[in-house]
Amino acid sequence: MIEVLLAVALGVLVGHFNVFSLKPQVIGKFTSVCLIIMLLAMGIQLGANEKLLGDLGRIGWQALVLALASIVGSVLLVRLLESRISKQLEQSKQEAKRR
């Protein structure tokens, strides 16, 4: 968990200081691609879990609902944070230009 928080904090710093000089549209596309890759990796991990697949008939809908809720929750949280952080960065840049 700490690795995830450190990665997010590092990303915020990189974005705030515009280390790579990327436009917001490019960052948005990069974020979408990374999110799709992450979801693909989660799907691969679920599909490779023999025990989970073996128990799928027994746990049935609970597993499907849990997996879908995890995916939807992750996507919504990332989008919410992306929007909020983008607004804050834009405000910060505008304030820096005024000075």
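Q: Buried means under 20% relative accessible area, exposed means over 50%, and partly exposed is what lies in between. Where does that put Ile27?

A: This is a predicted model, so keep in mind that the values are computed from it. Ile27 has a relative accessible area of 39%. Ile27 belongs to helix H2, which runs over residues 24–48. From Ile27 to Gly15 it's 9.0 Å, C-alpha to C-alpha, with the two 12 residues apart in sequence.

Q: And Gly28, buried or exposed?

A: Gly28 has 18% relative accessibility. The cut-off for buried is under 20%, so Gly28 counts as buried. Gly28 is also part of helix H2. Lys87 is 59 residues away from Gly28 along the chain, and their C-alpha atoms are 13 Å apart.

Q: Why is H2 called roughly antiparallel to H4?

A: Look at the angle: the axes of H2 and H4 cross at roughly 160° and come within 12 Å. Angles over 145 degrees count as roughly antiparallel, so that's the label H2 and H4 get. The crossing of the two helices is right-handed.

Q: Which residues of H2 and H4 make the contact?

A: On the H2 side, you've got Gly28, Thr31, Ser32, Leu35, Leu39 and Leu46. H4 brings Ala67, Ile71, Val75, Val78, Arg79 and Glu82. Sorted by class, the contact has seven nonpolar, three polar and two charged residues. Gly counts as polar under this scheme, and Arg and Glu count as charged.

Q: How do you know that Arg79 and Glu82 meet in a salt bridge?

A: Check the distance between their side chains: N to O, it's 3.2 Å. The rule asks for a nitrogen of Lys or Arg within 4 Å of a carboxyl oxygen of Asp or Glu, so Arg79 and Glu82 qualify. By that rule, the count comes to one salt bridge.

Q: Where do Arg79 and Glu82 lie?

A: Both sit in helix H4, residues 61–98. They're three residues apart, about one turn of the helix.

Q: What makes Arg79 partly exposed?

A: Its relative accessible area is 38%. Buried would need under 20% and exposed over 50%, so Arg79 falls in between and is partly exposed.

Q: Why does Glu82 count as partly exposed?

A: Glu82 has 22% relative accessibility. Buried takes a value under 20%, so Glu82 counts as partly exposed.

Terms used. Residues numbered from 1 in each chain as written. Predicted model: local features only at pLDDT ≥ 70, side-chain atom pairs only at ≥ 80, totals over all residues. Heavy atoms only, no water. Helix = DSSP H or I, 4+ residues; strand = E, 2+ residues; numbered from the N terminus. Buried < 20%, exposed > 50% of the residue type's maximum accessible area, 1.4 Å probe, protein only. Axes fitted to C-alpha atoms, helices over the stretch in contact; angles between N-to-C directions. Parallel < 35°, antiparallel > 145°, perpendicular 65-115°, else oblique. Left-handed = near helix turned anticlockwise from the far one by under 90°. Contact = heavy atoms within 4.5 Å.
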